[in-house]
Amino acid sequence: MTERAPVLSVRGLSVRFLMPGGRRVAAVTDAHFDVAAGECLALIGESGCGKSVLASALLGLLPGNARTAGAALLGDLDLLTADERTFARTVRGRLVGLVPQSPAAHLTPVRTIRSQLEETVAELTDVRGRVALRQAAEAAAERAAFPVDHLDHHPHELSGGLAQRAATALALVGDAPLLLADEPTTGLDRDLVDRTVDELRRHVDNVTGGRSRALLMITHDLAAAERIADRIAVMYAGRIVELADATDFFGTPGPRHPYSRGLLDALPDRAFTPIPGLPPELGALPDGCAFAARCDRATDACDALPPLTAVPPSPDAVLPPPAGAPAATVACHHPHAALTEAADRA
Amino acid sequence: MLEMRAITAGYARNAPVFRNVSLSLEPGEALGLLGPSGCGKSTLARVAALLHHPDAGSLTVDGAPVRRWRHRAPREQRTAFGVVFQQARLSADPRLALTDLIAEPLRATGRREDVTGRVAELAATVGLTADLLSRRPHEVSDGQLQRACLARALVLRPRWLVCDEMTAMLDASTTAALVRVVEDYRASTGAGLLAVGHDRVLLDRWCDRTVEWGTLTSG
Ligand code: SF4
């Protein structure tokens, strides 16, 4: 197994918002994860859990009242300390390609897709000259499966799926090593969700030529995450509470954290049972486990914050996990055990 | 019953979004209407809920033909419907605290004396805590706001619910929670449901029967 250096290394990332009256909102706390080339990590959780704030931190788009701690390393560059000039000149589009949530809002409404692509090519690459730009823009469109005969359309003339591809084409122009997709499938039909994530996966896997990329996808769509991701990070109340291999997470042994279990059980093709209650306010988090008020496994031990710890390998695993593979971790005092199928049925 | 016959509707003259669509719901039935975005299913849902005047066709609600739509519709017909849309942020008045958002249909129909009791009851039903009720839409999450919009849709005890992509923006747990609220309400009142969406797995699990938009318009 080849050891792949991570493209993005997030180490102890925290974001606090300072609110009027001295209130502090703990939007993200102590996040640790890596994403390597050729790999997709899906960050899942419900709205307001902090996952969009984390994305904004990586893109240098936090508002002025935000304070950050920790590091988010892209090579030698720490995204948390980079200034706006660095983001504008070297990060956005060049090191990080953003696949946005609502492409319609991301594209400039009064200009054709062709002119936006040509402008981005001119901005991010060495291509110069009218003819060369035109060719490069068409090549960029083709990479994202955007039909070249629609290049002279304006954004409002495109279907949701084509607008998403146009936005993806723009995100790919600079050949950034990291793609960040922020809820790329919200409001899309299931067929289109499948197509969109399959296309993103192609760009991760280097199928389209060039190098493979790392993809961090932020989503509340569990079906999309299952389809695309190699690994899953579950966020609850600003903390990553579980990191797991996607196959283990969606299949057997299943998630270890009670919140992750609850999310999967809520799916309409599973139990369709909601998690009781509401997530806590990020401005008024309890000292202990933030999920305790909703958790059916909570005990007195949960008054203390559960640390993120490595999950012991499943006793019936045929092979030990490969050396260097990222360990599965969970932040819970009473995680679900790695049940075998037989034990599950009993 | 809710009967739509040969409905043609759209937003511009001579350019209807769809033509000649018919669809009927039995009393108390939960019908899922499945189709891609932009196909016109939302427009049909708005016609059914008396919110959009069709260009042609007829609508009958519990035996009574509908002759006027929107604010011109008789109150008795209008209030037979509770409607929840996909974009809670676009449909909720940003100046109103959630408690007033939920109570607004009661005030508009002159039932002020019911406000306190009904809002408290519905807030508990949809899982909103007291501190959230005093906040305005921008101070709550999408899921919390949609909970309030569902409470508002139920406040006049409608005989029909129209849910247009109610959960498209929501996470799995909030989706399951809101569907459960709708189903509990229907179980206790016998109300019917038209659920419009693009997620077949969800609509099949939720509804008695699912109809594809494409099969309604091919004729
Ligand atoms: S730490 Fe305790 S309360 Fe928190 S998820 Fe685990 S069992 Fe539940």
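## Two domains in chain B

The centres of domain 1 and domain 2 of chain B, taken over C-alpha atoms, are 23 Å apart. Domain 1 of chain B covers 1-80 + 158-219, and domain 2 covers 95-156. These bounds come from an automatic or database domain assignment. The model is predicted: local features need pLDDT of at least 70, side-chain atom pairs count only at pLDDT 80 or more, and totals for chains, interfaces and linings use all residues. Residues are numbered from 1 along each chain as its sequence is written, chains are lettered from A and ligands numbered from 1 in the order in which they are written, and side-chain values use heavy atoms, with hydrogens and water left out.

## Where the domains meet

Domain 1 and domain 2 of chain B bury about 1,100 Å² between them, 73% of it on carbon and sulfur atoms. Buried area is the accessible area (1.4 Å probe) that two parts lose on being put together, summed over both. B:Pro158, B:Leu178 and B:Val181 supply 36% of the area that domain 1 buries against domain 2, more than any other three residues.

A salt bridge needs a side-chain nitrogen of Lys or Arg within 4 Å of a carboxyl oxygen of Asp or Glu. One residue pair is in polar contact, with both residues at pLDDT 80 or more. A polar contact is a pair of N or O atoms within 3.5 Å; within protein, one must be able to donate a hydrogen and the other to accept it, and residues adjacent in sequence count only if both atoms are side-chain atoms. Helix 8 of chain B gives the largest share of the domain 1 side, six residues. Helices here are DSSP runs (H or I, at least four residues), numbered from the N terminus.

## Chain B against chain A

Chain B and chain A bury about 2,000 Å² between them, 57% of it on carbon and sulfur atoms. In chain B, B:Ser173, B:His198 and B:Arg205 lose the most area to chain A, together 25% of what that side buries. The contact (heavy atoms within 4.5 Å) takes 28 residues from chain B and 24 residues from chain A.

## Polar links and helices

One salt bridge is counted between the two chains. The side chains of B:Arg135 and A:Glu281 meet in a salt bridge at 3.4 Å, N to O. Six residue pairs are in polar contact between chain B and chain A, both residues at pLDDT 80 or more. Helix 7 (142-154), helix 8 (172-189) and helix 9 (200-206) of chain B each supply at least two residues of the side that touches chain A. Helix 8 gives the most, with seven residues.
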